[in-house]
Amino acid sequence: MATLTRPGAPSGPQLRRRTHPVRVDIARALPLTPAVVLLLVFLAGPILWCVYAAFTNTALTGAGSGDTQFVGLDNFRAAFGSEAFGNSVVLTLVFTILSAVVGQNVLGLALALLQKRAAKVVRTLVGITVIGAWVIPEVVAGYLWYAFLAKDGTLNEVIGVLGLGQNWLYTLPIIAVSLANVWRGTAFSMLVYNAALSEIPAEIEEAAEMDGATGWARLRHVTIPMIKRTVTTNLMLITLQTLSVFGLIYTMTKGGPGTKSQTLPLYMYEQAFSFSQIGYGTAIALVLLAVGGVFSIVYMRLLRED
Amino acid sequence: MTTETSTTPTATPLAVTSHRPVGPRTWVATAVVNVVTAVLGVMFLVPLLWVVFAAFDARAGLKLEWPGTGFSFDNFRAVLTPETTYRPMWNGLVLCVGSTFIAIVVATLAAYPLSRFETRYKRPFLLTILFSTGLPITAIMVPVYGLFVQLNLVDTIGGTVAFMATTALPMSIFLCKNFMDGVPLTLEEAAWTDGASSMQTLRHIVLPLMWPGLSVVTIFTFIGMWGNFFIPFVLLLSPDRLPASVSIFTFFGQYGSVQWGQLAAYSVLYTLPVVVLYVLLSRRLGGAFNFGGALKG
């Protein structure tokens, strides 16, 4: 565990840190070339194009299709002035915070902690089930949850006796897709926390136990501080993954009913591909990248401060 | 969870005779932990069961029901046709094998200098890679589509494979580097003294020692590709080029009423390869989730 290393500060024994002449650096970096080329062409390139196209009226049909013009901040002005865009930003934040930051993260940690103390057979079976939900393809997960939450689906069959039955995908669509995403993504956090918890020396927890610390106090003052770095890294990865979820929501609700579960990726898809407004769609993509960037910067800050 | 259990990772069969008496409170706490864990497990299991039961139920609906008298293989028989199952599966296989192969070769090459040499660019590069592992690929699909239009790559397998490989690269480089760090440097130093080039040492010394790690990265990448929906959904247009991840969506959308049993059967067939691969992988995956140590430098 790198709990003690800190970016920027010298970390650990500096065994092989010598300054090389630039030429040696280049020769040694040569095997990196194919990776750098692919990443530049297919990732950095599109991101830069994103920055450019967001300020144009690029379109597949209509006014912008013939001659592309620079339109300045028009796309952003249109986006921030539109109700549909505001709606999708709010929904994206609800979906991300509810399903990743709270749902997957907390449930994943809880499962990892529980598994540490549960009987082997329980631990194994629960582990297999949770990971099973993670392994199956996104679209299949979408169908599963469609079936589970549909009006004549399993959930209503179970709670129908209480008179709570309803068409969840219509009444609470964003909650429905968030639940599905928690179900699908929790395994990742669970595995990350399993790995982190297994590296905490048993003596430290035993010592705290001997000192009379209760389970909750031990968790708060010993376990969590020791895995803080992992928590932050995990939060960053799952937040960014969740921001870009498309297939799951598209199979379950297509963003509907109306626009009640239309997160940014779905709004972007609709604008760019259904309505052919590439410029406007790219502006939305840029906003999505920026939201991801803001989350990353916050987490990076946290990592630096620990 | 105020527990005082005697189960520590180092517990021996003699734990009963340990210094701490096993009181009723411990017994209750352990039982509570097991029950809570099991209940959470069941909550994860229930949605999953539907697809299995419905696949074998000729009269399947949306409700979770034991197939009972409706038990049959009719659903599988109905979907096991070239256009529904075989061709999309084959397309998926071509896309996934192609992009996984490119990603692994390129990632291994990139991981070598990152694992073996210390340069001033290493840390910024690794941080960029870590950032990119979480880059919302969805966000760049519009510009990528634009790029593909410019390059005449829309609806081509080659272009899609190259892009899919790139999306997997950050994570593969990251994991490859981690596994490579586990191979001791001493063996290579001996080879370097004997005049071997770094590529020779990579091929003859490092790779043979990191096959387990490399197979983890390979399977992990493949699973990610197999389930990917959005990339082929945007970049491929011809129905006869679509992989299973997309055709499962479009095929069942074309009919007025969905045959839920057939959809479930097809889902099972489509999911089976990743489950098998995951089982092969599961015992070795632990190390891949240790992100904490990943940035030690």
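Helices here are DSSP runs of H or I with at least four residues, and strands are runs of E with at least two. With that in mind, let us turn to this predicted model.

I begin with chain A. UniProt, in an unreviewed entry, annotates "transmembrane region" at residues 26–55, 89–113, 125–148, 168–193, 235–253 and 273–300 of chain A. Over residues 26–55 of chain A, 83% of the chain is helix and 0% is strand; the end C-alpha atoms of that span are 37 Å apart. Residues 168–193 of chain A are 96% helix and 0% strand, with 32 Å between the end C-alpha atoms.

Next, a pair of helices within chain A. Two packed helices are described by the angle and the distance between their axes. Helix α5 of chain A comprises residues 83–117, and helix α10 of chain A comprises residues 173–197. Their axes come within 6 Å and cross at roughly 40°. Angles under 35 degrees would count as roughly parallel, and 65 to 115 as roughly perpendicular; α5(A) and α10(A) are therefore oblique to each other. The crossing of α5(A) past α10(A) is right-handed. What is the make-up of the contact of α5(A) with α10(A) by class? That contact has 16 nonpolar residues, 12 polar and one charged.

Finally, chain B. Its "transmembrane region" annotation, again from an unreviewed UniProt entry, covers residues 27–56, 89–112, 124–145, 157–176, 209–235 and 263–281. Residues 89–112 of chain B are 100% helix and 0% strand, and the end C-alpha atoms lie 34 Å apart. For residues 157–176 of chain B, the span is likewise 100% helix and 0% strand, with the end C-alpha atoms 26 Å apart.

Conventions:
Residues numbered from 1 in each chain as written. Chains lettered and ligands numbered in written order. Predicted model: local features only at pLDDT ≥ 70, side-chain atom pairs only at ≥ 80, totals over all residues. Heavy atoms only, no water. Axes fitted to C-alpha atoms, helices over the stretch in contact; angles between N-to-C directions. Parallel < 35°, antiparallel > 145°, perpendicular 65-115°, else oblique. Left-handed = near helix turned anticlockwise from the far one by under 90°. Nonpolar A, V, L, I, M, F, W, Y, C, P; charged D, E, K, R; others polar. UniProt positions renumbered as here; feature names shortened; annotations may be inferred.
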